[in-house]
Amino acid sequence: MKLGRLNHIGVATPSIADSIIFYRDVMGATKIHDPFDLPDQGVKVCFVDTPPSTGSGQTESGGTQIELIEPLPGNTSIASFLEKNPKGGQHHLCYEVPDIHAAKAEFVAMGKRVLGEPRIGAHGTLIFFVHPKDMGGVLTEIMETPRSEH
Ligand code: CO
């Protein structure tokens, strides 16, 4: 496994509109992208940028994003997450890898439960999820690094 940048932290919310106000007014976010639907995954998503660090001793990676996730009608996985966590909450971590198919093969070889085939994710590149029970309790999204971010 070739660990890449922490691309985003997925946060489920019952209302992206309310969460945008929270990240803008409470957290001071200045770059909040337009929400959009991912009908194949039954969700509406919205990315909030956190800026790169300007301090010393930091990694070279740019800022990480928060991925706000709201279920579309008929969604089951995010909807059931919100039943257990009505105010929303941290849902998954997403790491970049250079080669999605190589990463999938490596997780499978390590006995990890990969959830489905690689498919197009919110950034337009291939992604897959790995079961939290095989990942120290963390639902983990693996995403091929977007070319435009190089
Ligand atoms: Co995600």
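Phe 22 lies in helix α1, which spans residues 16–25; helices here are DSSP runs of H or I with at least four residues, strands are runs of E with at least two, and both are numbered from the N terminus. The structure is a predicted model, in which local features need pLDDT of at least 70, side-chain atom pairs count only at pLDDT 80 or more, and totals for chains, interfaces and linings use all residues. Residues are numbered from 1 along each chain as its sequence is written, and side-chain values use heavy atoms, with hydrogens and water left out.

A residue is termed buried under 20% relative accessible area, exposed over 50%, and partly exposed in between (1.4 Å probe, protein chains only).

| Residue | Relative accessible area | Class |
|---|---|---|
| Met 1 | 41% | partly exposed |
| Thr 13 | 4% | buried |
| Phe 22 | 37% | partly exposed |
| Cys 46 | 0% | buried |
| Cys 94 | 0% | buried |

Thr 13 is found in the loop between β1 and α1. Its side chain makes a polar contact of 2.7 Å with the side chain of Ser 19; such a contact is a pair of N or O atoms within 3.5 Å, where within protein one must be able to donate a hydrogen and the other to accept it, and residues adjacent in sequence count only if both atoms are side-chain atoms. A polar atom of the Thr 13 side chain also lies 3.0 Å from the backbone nitrogen of Ser 15. Beyond neighbours within four places in sequence, Thr 13 is in contact (heavy atoms within 4.5 Å) with Ser 19, Leu 68, Ile 69, Glu 70, Pro 71, Leu 82 and Gly 88.

Met 1 is placed in the segment before β1 (6–12). Together with Leu 3 and Met 110, Met 1 makes a nonpolar surface patch of about 320 Å². Patches are made of residues with over 30% relative accessible area and no salt bridge, nonpolar side chains (Val, Leu, Ile, Met, Phe, Trp, Tyr) being joined within 5 Å and like charges within 9 Å. A salt bridge is a side-chain nitrogen of Lys or Arg within 4 Å of a carboxyl oxygen of Asp or Glu.

With a disulfide defined as a pair of cysteine sulfur atoms within 2.5 Å, the count comes to 0 disulfides. Cys 46 is in no disulfide, and its nearest cysteine sulfur, that of Cys 94, is 16 Å away. For Cys 94, the closest cysteine sulfur is in Cys 46, and the distance of 16 Å is too far for a bond.

Notes:
Areas by Shrake-Rupley, 256 points an atom, 1.4 Å probe, with all protein chains shown as cover.
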